[in-house]
Structure formats: structure tokens, C-alpha cells
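Have a look at the model first, then try each task before reading its solution.

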Amino acid sequence: MNIEVILPDGSQRHYPAGTTALDVAKSISEGLARVVLAAEVNGQIWDLHRSLPEKCSLSLLKWDSDGGKYAFWHSSAHLLAEALEALYPGIKLGIGPPVENGFYYDIDFGDYAFSSNDFEQVEAKMLELAKQENRFERSEVSKAEAIRFFTEKGDPYKLELIDGLEDGSITFYKQGNFTDLCRGPHLPDTGKIKAVKLLNTAGAYWRGNEKNKQLTRIYAVTFPSSKELKEHLERLEEAKKRDHRKLGKELELFTFSEKVGMGLPLWLPKGAMLRERLENFMRKAQVRAGYEQVITPHIGSKQLYVTSGHWEKYGQDSFRPIYTPHEGEEYLLKPMNCPHHCEIYKSKPRSYKDLPVRLAEFGTVYRYEQHGELHGLTRVRGFTQDDAHLFCRPDQVKDEFKKVIDLVLYVFNALGFSEYTAQISLRDPLNKTKYIGTDEAWEKAENAIIEAAQEKGLRTVTELGEAAFYGPKLDFMVRDALGRKWQLGTIQVDYNLPERFELEYTGSDNQKYRPVMIHRAPFGSMERFVAVLLEHCGGKFPLWLSPEQVIVLPISEKFKDYAENVSQLLNYHDIRSFVDNRDEKIGRKIRDAEVQKTPYMLIIGEKEVSDSVVSVRKHGEGDIGVMSPEGMLEYLKLEINRQIQPV
RNA sequence: GCCGUUGUAGCUCAGUGGUAGAGCACUUCCUUGGUAAGGAAGAGGUCGACAGUUCAAUUCUGUUCAACGGCUCCA
């Protein structure tokens, strides 16, 4: 009795030396021992087979925990590698970590072009190996031994990894005939892996560096039962249905044309209507928050961006300058609105009493995005930011920043985004040359963001090296239907552009001072925001945003006039209503309106005309009874007001 | 930009070394129908583009363009 274990419920148990987490699980119940996957020992994730330290807190991780999944998929990556080595002798292994929804392994296949045609074979081999219930054996090896092993095996990538490791910290894991350099932890044995699915392949640079060789990355996912795999695949299917590119086409919101150019979205009438609503919503919120709207041109003199530093930083990787025909003057498609707004600030002398000055613009900008990067509406070459720049006194920065956080949260709340993460993006302290400005300015800006976020009680993650080149950021991220993370709103504190543009204001002592700039865009870009919103609501927009709010469906031609009158009444009161006058049966018209996700259908037949009412059908719910046209109008207004007045 | 996959009618997709097909959408006609697809006829495609192999290419090969899955990048 010389090991003391504290379980998550606080209870203490004593075991003999050499006891493993799996032994503890068995001592609690056989059932637990069957499902436990890994252990958290003093806050670190451990293999179940490792002997516990003398005194430890222990929690047993099952499939329902992140740590359990992590170990499960990590072990699955080894299983994948084992299967691949068996099937394709001579391949070289890169790394194979677990990720959020599964795992991958980077493989150098030499000349062989591994493709999805090979998946089935590999899956079968993995299951075959899993059934052998091979134990994952952990061993600590010296650096020399590790080097000897992989030199004999002829695996340059592993050797490169070992090169960066300290002697004494190196561990191997072996299952069956496969040994890998690995920190662990792993499952007790391969037998837990019951369902396997290879998802796709992709090119991935070795160590994420584009100068290195590109390996074949195989993405896969595994589960403790085939039922869970099935559910997972169904979720992926559902996500595909919500893909904004698919919904955008089906609902006729936007399109792309090769002739117009890649990454340049064309907004169709319905999409434009949606965007207009969002913009108006933002305008109103901004007016309430003391913003002033400005408008600036789509191009700007190159000198403007030389001043701002954008030219030096991005000029080479940007759209080329355009030239005037005779003078040869250089202009750039504007990649940013801020330099223009700086010049607006400078258009007249500013007093400390005037600050903050808040200049807002739905500014369309153009950036050269790499060919392979373009993605639906989320990554485009021309897009409109709901941009604004706040010019304030240093003593106002934190307060202004907090007000912007309020605005962003108001917007997210009104649109139903409850799941977002806030990320504080700071400068990379090891690579300061990537950034402009003094250490002092950076420190002030970073502290302002950290304090404002803290005081607002935001839950944040902090990322070093993610800042903009002129200042730190607070970014709001959400996920798309396929689980990819996208940055939406952003708030940035900037001490540098005011310096470069020599912005000033006159203080109460009649001296000149530099204002501080805050860049902010709650939506980020209209394009990306619409994409994320579209996936978020699966195309079923809240009533106030719906491009077609109401469709009036006359049962036959005879009721056309009445239908038109009802529609006009609604249109007159700013409800977007349309009449489906096609020579189709009512069932057909209803189906089409349902497919288009129109929120309300008003059915007009003989009864409705003689009673002066409309029959109301709600999308996804069906018949909700009759109302007078005026009653319907009130009903709709009420719903809209409720939606855009967040509590 | 890099690796891999794909590219046939407006959309979703079959198909073939001998100049193409379905469903939906579209047009016309019939039907005036009560809560998720009424019927008939018709029109519509240099099979992504350009080369090459071949008697013959949409099909095979190469190049290129674009989309998709990732990687690198993202003011």
C-alpha cells in the first residue's frame, strides 16, 4: 500500500507500487476497465499501462472526454502507419497527430501516387491489425538508440525530429510490428479501434514549410463502434447540405463567373437584398454608437500605401499597380480603408474635445489571395468590410475598445451566434522585424486589448505572432458547417498609422498630440459573414433577413387580384412579399416555397377572398390558421421587431 | 503558389475510340387545381480550353484554365 490515488470525486484509494491506471479502473468496475481509454495523471495524459507515481490525482478518460479521443485517434494514427507500412513497403513517415475530428499521417510515398482508390485496402488492413489487439508498448530510449533505430530503418523525417529532441526525453511506442517515435499517450491496445474511415488525402509540406518536400497527408477517423462512425458520417453529410456554396446557389444568393474572374463574387438580387438588410442593421447600430458614415474611392495613390507601410509589407504579393496613361502615376486597388480614413481625419484640425472621431464605411477592398486559397464567399479577392476607424485620445482607448466589444457582441447576439471564440492576437516576441512601430507603442496597445477583454469578461485565447503588422488584434472566430474556423469580427489597436500619417489633435494645453486609432469590423467582411450566417441557420434566415419574407399563393388565376392586393399591402409596409402567379397547382407552389425556405406562405382561394382573410402557412411548420391581411401585417412586424431588438 | 481529385445541357449527374443521354429547371399547349412535385409536346450541349496520337477523340496523351480537398499565406 504505497501509492495514494485521488479520484476526481475527491476520494482517496491506496494501491501497491507498480499499479497502473488500468488496474485502478478494474478495481472500480470491470465495465469501466473495458471503456477507459487513457488516464489523466496529475493533469497530464498518460497511458493506462504506465505505473502510477506514489501520490497522484487520477481521472480515467473515456470516449466522452477530449483526452480519451485524443489518445484514441493518436493510437489510430499509429495503426494507419502500421497498415501503410505493411501495404506499401519503403514509405517514409512524417508525423501523425490526432486533430479535432480524427487524425492524419503525413507520408512520403516516393513515386507512388496514393489516392482514394487505395482507401478500402488500407481500411481493411487497419481493421485486420486492430483485431490482433496488439498492446501499445511504451519504452524510453536514449537519443543514440533512437538515431540508430531510424537510421537502420532509413527514415529521414524521424531522424530530423529526433535531432530536435533532448536525450532522455525520447520515447518509442510499439504495437505489433510497428515502432514509432512518439510522446504518447496511447490506448492499451489496438482492439479498441472498431471502425475506420479514411476521409481524404492532401498535400502537406514537411514541417509546414513550403520550401520543404510535400508529403501526402492522409486524413482519417476511427471510432470505438461502427454506430459512432455512421453517426459521424451522417453529421458530415448534414454539414455538406449546409455548405454556403451549395445554399448560395440553391437560394440564388450569389454566383461566380470565370469570365468575371476567380474570387470575385456576384451578388444576385436575393443575396443583395440580404446584404442590404445586414448593412442597414449595422448602420443603425453604428449611428446609435456615435459613428459617422464616410465614402472613399476604390483606388488610391501608391504613395498612400507607402506612407501606411502596406506597400512595403504586401506590395510584392498584391495586385500590381495601375497607371495613368500619360503621366504614369501609380495607383493601387485599395486593399485597406484605413489610409483613406486617416486622410479624412486630417482634412481639418481636430480638438481634444472632438475625439473620439468614429468614421465608418462599407468599404470594398481588393486583395490578391493565392489561387489555391479561394473558397466560396469566405476567401475572395474582392470584398466589403463593415469597416470603421476610431481616432481617440490615449485616455479613451480602453473605454472605446470596450464599447466596440459591446457592439460586436450586440451584433452576434442579434444574429444568433452564441458560439464564438475570442482570440487575442499579439506580436511574436521572437520576430519583431515582422512588425512596424516601437516596443513601447506595442506594449501599450497589447495591454489595452488584454485589459479591455478582461474587464468585459470575455473568454479568450491568446496567440503569439498572429497580430497585424501595425498592431495587436482581438478577433472573433466562428466555425463553418464543416468545422473549419473562420475569423469574423476584428478589433485592432494601432499606435503606428497615426504616427505615419502624422495625425494630431490639439490638447487642452494647446499642444499637439497623437491620437490612437482603433480599427474594427464586427462582421469582418460582408461576404464571409453571409457565408457563415448562411451555414449557421442552414439557409433558414430569421424573418427580418429573409430576402423573400412572404410569398402569396393564389389557388387559381381567379384569385390573382386579391393576392396582388395582399402582397402590395405588405410591400407598402416594407415587408418583402411576392405573388406566385404561375399556372401550377397549390401543392406545387407550396413545395417550391418550402424548398426556397420562404418564411411565410399566404394561401388565397375562394374562402379567403369571400371572408377577406389569408390562410397562413409557416415554413417548416405548416398551416397556422387564417388572419386578416392587416392582422398578418401586424404579426409579421411583431416578429421582426422581436428579432432585431436583442434583450 | 504547392500536392491530389474533378470538369458532359441552367442545375444534379449517367455514358461512349465512330460527332451524346436522364431527372429537374426552361418554352408552348392542355389542366382552374385547397397545404411539399398534374399532363403532353418542344427547345437547349464545338462533352472546360488548346495541342498531339489516330482513318476517326467528348473518350487516349500533353499543356492550360477553373472548381473541389488540404498545405503555405491572410493588411
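## Exercise 1: A salt bridge and its surroundings

R242 counts as partly exposed, at 29% relative accessibility. (Buried means under 20% relative accessible area, exposed over 50%, partly exposed in between, with a 1.4 Å probe and protein chains only.) This is a predicted model, in which local features need pLDDT of at least 70, side-chain atom pairs count only at pLDDT 80 or more, and totals for chains, interfaces and linings use all residues. Residues are numbered from 1 along each chain as its sequence is written, and side-chain values use heavy atoms, leaving out hydrogens and water.

Task: with which side chain does R242 meet in a salt bridge?

Step 1. Recall the cut-off: a side-chain nitrogen of Lys or Arg lies within 4 Å of a carboxyl oxygen of Asp or Glu.

Step 2. The partner of R242 is E238, at 3.6 Å from N to O.

## Exercise 2: Another pair

Task: is D580 buried or exposed?

Step 1. Find its bridge: D580 pairs with R582 at 2.9 Å, N to O.

Step 2. Compare the areas with the cut-offs: R582 is partly exposed at 37%, whereas D580 is buried at 8%.

## Exercise 3: A threonine

Task: which side chain makes a polar contact with the side chain of T384?

Step 1. Use the rule: a pair of N or O atoms within 3.5 Å, where within protein one must be able to donate a hydrogen and the other to accept it, and residues adjacent in sequence count only if both atoms are side-chain atoms.

Step 2. The side chain is that of T364, at 2.8 Å.

Note on methods:
Chains are lettered from A and ligands numbered from 1 in the order in which they are written.
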